[in-house]
Amino acid sequence: MGIMDFSAGPLCCLWLLAFSATSVDAVGPSDTAVLRGGSATLTCSNPAHTSTDSGLAFWAESGTPFGTHGGIYTGTAFAKYTNFGIVSNEFPQMDLTVSNTQVEDEGTYICSMTVEQGSATLTVEIEGNEPTITLNSDPSVTPIRLTAREPSVLRCTASSFRPAVNLEWYKDDVKITAGITEDTPTPNGDTFTTSGTWTFTPNIPDDGDRLECRTTGQVVATAKTGGLTLNVQYVPDVTVGYSGGQITCSSDANPLATTHQIIRNGTDILKTFTNSPGYVVFTPKYCAEISCNATNTIGTGTGTFAQQICPGRST
Ligand SMILES: *[C@@H]1O[C@H](CO)[C@@H](O)[C@H](O)[C@H]1NC(C)=O
Ligand SMILES: *[C@@H]1O[C@H](CO)[C@@H](O)[C@H](O)[C@H]1NC(C)=O
């Protein structure tokens, strides 16, 4: 077994090396992306092409040659290529250069050298805007506030990208896969807008998490990210305590509760206060059930002390 591995390994790799060396030596070029306004070079070389006497060498598009060692052909038919150039003084290389690239410069370009040919696509990218996240309602509401346990739909919109981007959603840097949709990108001149939604039912622990929408699919343009901090609102969660002859009521809520009531036997209001926590001294004459109501804009939450508080009990 060991001997077989030993002999198979080198055989495999030598063969791969020879194979890849052959591919590299063949005529280039490879697909290239460039930011609009930038410069691009499509390489082309063939070891057999050592001089102009080695055979025909030219760059072509859609079957029509537009330049050779002497440079880009002149004439109105070649107006597209005015910002193109051919580097022809470094045999066996004959690269195609494009400066100040524009969307019109996109295309599939073929390099032909002696008897070999290679082709590559030039893609011009446009860096779009930071995506925006909105509540998928009509009209969208800002700032975005969600309510715990209520299904919500958020929409991410990324505009002015070329080529059209795809969107990825992340919550606290963890990629979201459930509840995601993406619309077909819509063209607008040379660029595209991509929009998609995330449908989810937020819960209290989601409050404060970072939600991001990131663009993907461009090669040279910098990916863009839009984001927001989730604001998940919920009915107050109320805690009632009794210690040292004192009742304590506190609430956890978003937004904060603005009214609290400490209640005896469901109806007698012992104390009303604004901000959590609040206290009232309580010495029962008979057993009593103590609860506390806390109210915010979402609703009223109730907490009840676990046992009845009876005379003689102070903790
Ligand atoms: C409060 O409730 C307790 C338990 O139900 C009861 O024993 C007590 O009499 C009640 N007090 C009043 C004032 O209704
Ligand atoms: C306390 O809140 C509960 C739940 O909203 C409500 O049913 C009850 O009437 C409130 N009690 C008082 C005294 O307001």
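Predicted model: local features only at pLDDT ≥ 70, side-chain atom pairs only at ≥ 80, totals over all residues.

**Notes on strands, rings and ligands**

1. Tyr 234 has Asn 254, in β21, as its bridge partner. The strands concerned are β20, residues 232-243, and β21, residues 246-254; eight bridges join them in the antiparallel sense.

2. Strand β4, residues 64-68, runs antiparallel to β5 and is joined to β5 by two bridges. Thr 68 has Gly 71, in β5, as its bridge partner.

3. How many aromatic pairs does the model contain? The count comes to ten. One of them is formed by Tyr 73 and Phe 78, whose rings lie edge-to-face at 5.5 Å centre to centre, with 75° between the planes. Are the two residues buried or exposed? Tyr 73 has a relative accessible area of 31% and is therefore partly exposed. Phe 78, at 18%, falls under the 20% limit and so counts as buried.

4. Tyr 242 and Phe 282 form another edge-to-face pair, with 6.4 Å centre to centre and 75° between the planes. Tyr 242 lies in strand β20, whereas Phe 282 lies in the loop between β24 and β25 (290-295), so the pair ties together parts that are 40 residues apart in sequence. Both Tyr 242 and Phe 282 are buried.

5. Ring pairs also link several aromatic residues into a cluster, made up of Phe 66, Tyr 81, Phe 84 and Tyr 109.

6. Which residues are found around ligand 1? They are Asn 265, Tyr 286, Cys 287 and Gln 308. In the side chain of Asn 265, an N or O atom is 2.4 Å from an oxygen atom of ligand 1. Ligand 1 exposes 360 Å² when taken alone, and the protein buries 45% of that area. Its shell divides by class into two nonpolar and two polar residues, with no charged residue.

7. Ligand 2 is surrounded by Gln 261, Ile 263, Gly 266, Asn 293, Thr 300 and Thr 302. The side chain of Asn 293 has an N or O atom 2.3 Å from an oxygen atom of ligand 2. On its own, ligand 2 has 360 Å² of accessible area, of which the protein covers 46%. Two or more residues of this shell come from each of the elements β22 (259-264) and β26 (300-304). By class, the shell around ligand 2 comprises one nonpolar and five polar residues, with none charged.

Definitions and conventions:
Residues numbered from 1 in each chain as written. Chains lettered and ligands numbered in written order. Heavy atoms only, no water. Near = heavy atom within 4 Å. Polar contact = N/O pair within 3.5 Å; in protein donor to acceptor, adjacent residues only side chain to side chain. Areas by Shrake-Rupley, 256 points an atom, 1.4 Å probe, with all protein chains shown as cover. Nonpolar A, V, L, I, M, F, W, Y, C, P; charged D, E, K, R; others polar. Helix = DSSP H or I, 4+ residues; strand = E, 2+ residues; numbered from the N terminus. Pairing = 2+ DSSP bridges. Phe/Tyr/Trp six-rings, centres within 6.5 Å; stacked < 30°, edge-to-face > 60°. Buried < 20%, exposed > 50% of the residue type's maximum accessible area, 1.4 Å probe, protein only.
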